[in-house]
Amino acid sequence: MTNDITPKSPTDAVSPQHDILDRQTTTCCIVGSGPAGAVLALLLTRQGIPVMLLEAHKDFDRDFRGDTIHPSVMEILAELGLADRLLELRHTKLRQLSIRTDGKTFPIADFSHLKTRYPYITVMPQVKFLEFITEEAKQYPNFQLVLGANVQELIVADGGVRGVRYRGHGGWHEVRAQLTVGADGRHSRLRQLAGFKPIETSPPMDVLWFRLPRRPDEPEGLNGRIGSGHILVTIDRDDSWQIAYVIPKGGYQDLRAAGLEALRKSIVEVVPEFSDRVELLKEWSQVAFLSVESNRLPQWYSSGLLLIGDAAHVMSPVGGVGINYAIQDAVVAANLLSEPLRTGRLQLQDLAKVQRRRELPTRCIQVFQSLIQKQILAKALNPGQKFQVPSLLRLSILRDLLARFIAFGLVPVHVKT
């Protein structure tokens, strides 16, 4: 059996070092209202379990978040009776992943042949998805969402986590809970407070994010381009393109030193259509830098504490699977923990079951991402080497297998009814 990890916290449950404005009690306190936290909150709330969802920001509207909802998640939403309503929101459907290089387009994954009601990737602003999920949860009286709640401390007592303390709304607040879930992303505060150390890998790339205007007559959805040692991915944002400009790991400072004009020139080399608007990039403040990481925790839990999503395993952007694996974590956690939470009999082995169920799929997708990064993306980012699509990716059977793996992962996850 996996050994417990004793959380590290500067305070305990008895003697906080702050004036506490109010103390609340719930069954499950979830920190972080990203896809994993929001979906877990909804699933537990539907089971009649009191849930408090804490989000550090005051809304969900932040730039440069992932926006791909894969067939696996659409199937989960269908099981909840929510898929059709979600699709009433503005979205685009991506039925094929392709690489465009040297003026030619090469399909690498075809989702249209998948045996599912949703043979495509749904591309939708994450802010809309999160608003949709939390609005659904608000229909239940046992759900509470607190925005602007910046969690700073774990409440530790009797050898385990018993809740959190957060700052916001005029001071310090305390939430005590049978279970605390860290769903607070790649820079997880709860992971740090608990003293969990991830196993790091170093993908050979970083990403610059920026926006350029989109004309109504331009293609919808998500598109990828490779050329001149650069990779650009464009994501439809209605009246603008959200653009991911992929660069070699550690190359950001050299790019900054070369200046914005060099960046604008390289963008046009890959996407000539942007020549009429690239001058709108006038300052580096318009460009956000994302250090691409990939890691996983050896252990996702301790007594009273569970980490899921990016807090437990940071995915690289390859395949856009991070959101979907986070949501699958949430579904498995709800399936396995609802009954112990409802009866007040949650034990360490219940939390261990969540990691056991999700660890192999997580490791497999990270190995897959690493392979793609090393065998395809690293070569595409080499300006001295002419990029060629690997011959294996030209085989239709492999494209179908790749589509299924990206769409559903190693093992499909379903909501336990």
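User: Where does Leu-392 lie?
Analyst: Leu-392 is in the loop between α9 (348-380) and α10 (396-408). Helices are DSSP runs of H or I, at least four residues, and strands are E runs of at least two, numbered from the N terminus. This is a predicted model: local features need pLDDT of at least 70, side-chain atom pairs count only at pLDDT 80 or more, and totals for chains, interfaces and linings use all residues. Residues are numbered from 1 along each chain as its sequence is written, and side-chain values use heavy atoms, leaving out hydrogens and water.

User: Is Leu-392 buried or exposed?
Analyst: Exposed, because its relative accessibility is 55% (buried is under 20%, exposed over 50%, partly exposed in between; 1.4 Å probe, protein chains only).

User: Switching to charges. How many salt bridges?
Analyst: The structure has 19, each a side-chain nitrogen of Lys or Arg within 4 Å of a carboxyl oxygen of Asp or Glu.

User: What does Glu-261 pair with?
Analyst: Arg-264, with the closest N and O atoms 3.0 Å apart. Both sit in helix α7 (residues 260-270), three residues apart, so about one helical turn separates them. Glu-261 is partly exposed at 47%. Arg-264 is buried at 12%.

User: And Glu-279?
Analyst: Glu-279 also bridges to Arg-264, at 3.6 Å between the closest N and O atoms. Glu-279 is in the loop between α7 and β17 (288-290), so this pair ties together parts 15 residues apart in sequence.

User: Which residue does Arg-358 bridge to?
Analyst: Asp-329, at 2.6 Å between the closest N and O atoms. The pair links helix α9 to helix α8, 29 residues apart.

User: Which residues form a network of salt bridges?
Analyst: Arg-23, Glu-153, Arg-165, Glu-174 and Arg-176.
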